Amino acid sequence: MSNANQNKAVKPEDSERIKAARKVQLIPEIMDFAMKRYADRPAFSMVLPNGASAGFDFSRLDELSNNFAVYLREELKLQKGDVVAVMAPNCLTYPIALFGILKAGLIATNINPLYTEPEMQHQISDSKAKAIVIIDMFSDRLDNVIANTDLKHVVKFSIVEFFPTLKKLIIGAVLKYVKRQVPDLKAAHVHFSETLAKGKQLMESKSIDVKSYLADTKTDDVAIYQYTGGTTGRSKGAMLTHKNIVTGGIALSQHIESRLDEAVENVLMVLPMYHIYAFILAATNTPFSGNNVVLIPNPRPLVNIKPAFEQFNISVLPGINTLYTGLLSEQWFLDLDHSKFKLCSAGGAATLAATAIKWKEVTGHDIIEGYGLTETCAITTVNPVNGTRKIGSIGKPIGDVEIKLVDDDGNEVAQGEAGELICRGSNVMLGYLDKNVEADGLKDGWLYTGDVAVQDEEGYYAIVDRKKDMILVSGFNVYPNEIEGVISKINGILDVAAIGVPDDKTGEAIKVFISCVGDSVSEEIIMEECRKCLTNYKLPDTIEFREELPKTPVGKVLRKVLRDEEMAKA
């Protein structure tokens, strides 16, 4: 029997809520669904490290996102299919901007706010974004980028947007004048609050029905360009449709609903919403469930999270191994009442067995591990929330996802044998923006993930290796070519190779091997250049100098040999 259908996870019966959710076709309709059921429930809250907090309900979110949609279409004159970038940490502006963009019939693209100028410029240019919503703390990076892109409009916002006026003024002044964390933006821009006021005025004066912007939008239209690493070292825009994201969100909501009550659950969102895992949870799953997303803008150090636990009864905690490991070493967390937890989930990176076992010992709760990629809207397989859960397993397929494990020739392997995991389903992307679909892993509707997995006799899958050279650091894709490209530009470098090595905290850490002319290059020079061009999680953790690196007869550096050496040491 084909393992595409064998041991499929048992699909629970549709509840009345799920039956209603299945009528949703477009992402903005999720907000209509939430408004009919949960209008007065809290939708998003945000807690700063000093304990200051603010939030709004679904009704307010719906109103403000409508205003922003009108501004984008009527004031900026953007048209269906135009792209708007959002460069934001976890904050209250993010969901308003996101739903506003999608309600306007536009395409959103999420940019990591920690990106360097070259990384920003690549994504903005590649996506052909015409507008950007950007946090003021990092907005000055635009000054050196905007001239080299198609950007026409800049909307700037503050981290304390939507806080009470007095708190907003005090915290804003401290950030700008005391901590000097808010630089000046020279490029022409408008403030987010102005866009909402203008949008509201235009909607009232013109009697605009926001739903008219979606009149010709179809479920297979692209909603998000979600960027992920590429084998060439440059990030690629995965084209995710309304159908991809909506059906994925419904499948996840149905899977976990038996663990949650009809009352409001507080979902602690430490993971960044520009990452696909958190994005799907915050943008689809929680509105379907009527839950409150408690946003943490900056979780480092982890004590920054403590005020959120003090103010909210946190019952749902999505995380990755790094977060769980870190919390287990925090005394304030160990002292909490963990009985309030109802669901702790993990994705984005493998959860170490030692972490899962200790978490269960300390909190009394399992970590429900799943697996997905940007290209599958973060949803492919998951362990059951009730019944048998296996540590080290990624569970079984969810929703309408089918899975096969295949060899290098595309033939299915026998159960228990390792093979590349390929999948298909409503959650799988259309392809990469402006790329050849088949060359980038989509063949006959099947996505070739590059991950090697095995399936046990009970139908549970486990990831055992990766075919590609990708390094996974705390759930973020890091591609060696990008790091090597930066380092190779330094004078005196002969050869460079970057690999991932096991790390208890981040899953993998980056180790770079270098050969150079004499002692002309130092570790300090290398790290200085990397910091200029690479985000923090892409920076090398270890640098090893060698006289010569292993190569093929034609001169290609053999990363596999270096990786095997490090694994032998480990």
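User: A cavity here is a set of points on a 1 Å grid where a 1.4 Å probe fits but cannot get out. What volume does the second largest cavity have?

Analyst: About 30 Å³. Keep in mind that this is a predicted model.

User: Which residues line the second largest cavity?

Analyst: Asn321, Thr322, Ala349, Ala350, Ser474, Lys505, Thr506 and Gly507. By class, that lining has two nonpolar, five polar and one charged residues.

User: How many cavities of 30 Å³ or more are there?

Analyst: The count is two. The largest cavity has a volume of about 40 Å³.

User: What lines the largest cavity?

Analyst: Phe44, Tyr94, Pro95, Leu98, Phe99, Met273, Phe279, Ala282 and Ala283. The class count for this lining is nine nonpolar, no polar and no charged residues.

User: Which elements give two or more residues to the lining of the largest cavity?

Analyst: Helix H4 (93-103) and helix H9 do. H4 gives the most to this lining, with four residues.

User: Change of topic, the core. How many residues has the largest nonpolar core?

Analyst: The largest nonpolar core has 159 residues. Those with the most contacts inside it are Phe44, Ile132, Met269 and Ile487. Phe44 also lines the largest cavity.

User: Which helix gives the largest share of this core?

Analyst: Helix H9 (residues 276-289), with nine residues.

User: Which way do the residues of E5 point?

Analyst: Ala131, Val133 and Ile135 point one way, while Ile132 and Ile134 point the other way. In a regular strand the side chains alternate between the two faces of the sheet. In E5 the residues on both sides are all buried.

User: What joins strand E3 to E5?

Analyst: Four bridges join E3 (residues 83-87) to E5, and the two run parallel. Val86 stands opposite Val133 in E5. E5 also pairs with strand E6 (residues 153-157), in the parallel sense over five bridges. There, Ile135 stands opposite Phe157 in E6.

User: What about the open sheet of nine strands, what is its order?

Analyst: The order is E2-E1-E11-E10-E12-E13-E14-E15-E16, with mixed pairing. Strand E2 (53-57) and strand E16 (396-397) stand at the edges with a single partner strand each, so one side of each has no neighbour in the sheet.

User: How do E15 and E16 pair, parallel or antiparallel?

Analyst: Strand E15 (residues 381-382) and E16 pair in the antiparallel sense over two bridges. Pro397 in E16 is the bridge partner of Thr381.

User: Last one, Asn411. Where is Asn411 found?

Analyst: In the loop between strand E17 (402-406) and strand E18 (419-424). Asn411 is partly exposed, with a relative accessible area of 44%. Not counting residues up to four places away in sequence, Asn411 touches Leu405 and Val406.

User: What separates the C-alpha atoms of Asn411 and Asp221?

Analyst: A distance of 32 Å, with the two residues 190 residues apart along the chain.

How values were computed
Residues are numbered from 1 along each chain as its sequence is written. This is a predicted model: local features need pLDDT of at least 70, side-chain atom pairs count only at pLDDT 80 or more; totals for chains, interfaces and linings use all residues. Side-chain values use heavy atoms; hydrogens and water are left out. A nonpolar core is a set of buried Ala, Val, Leu, Ile, Met, Phe, Trp, Tyr and Cys residues joined through side-chain atoms within 4.5 Å. Buried means under 20% relative accessible area, exposed over 50%, partly exposed in between (1.4 Å probe, protein chains only). On a 1 Å grid over the protein atoms alone, a cavity is a set of points where a 1.4 Å probe fits but cannot get out, and a pocket is an open set with protein on both sides within 12 Å along at least five of seven lines; lining residues have an atom within 4 Å of a point. Grid points are joined across faces, edges and corners, and a volume is the space filled by probe spheres set on the points. Ala, Val, Leu, Ile, Met, Phe, Trp, Tyr, Cys and Pro count as nonpolar, Asp, Glu, Lys and Arg as charged, and the others, Gly among them, as polar. Two strands pair if DSSP finds at least two bridges between them. Contact means heavy atoms within 4.5 Å.
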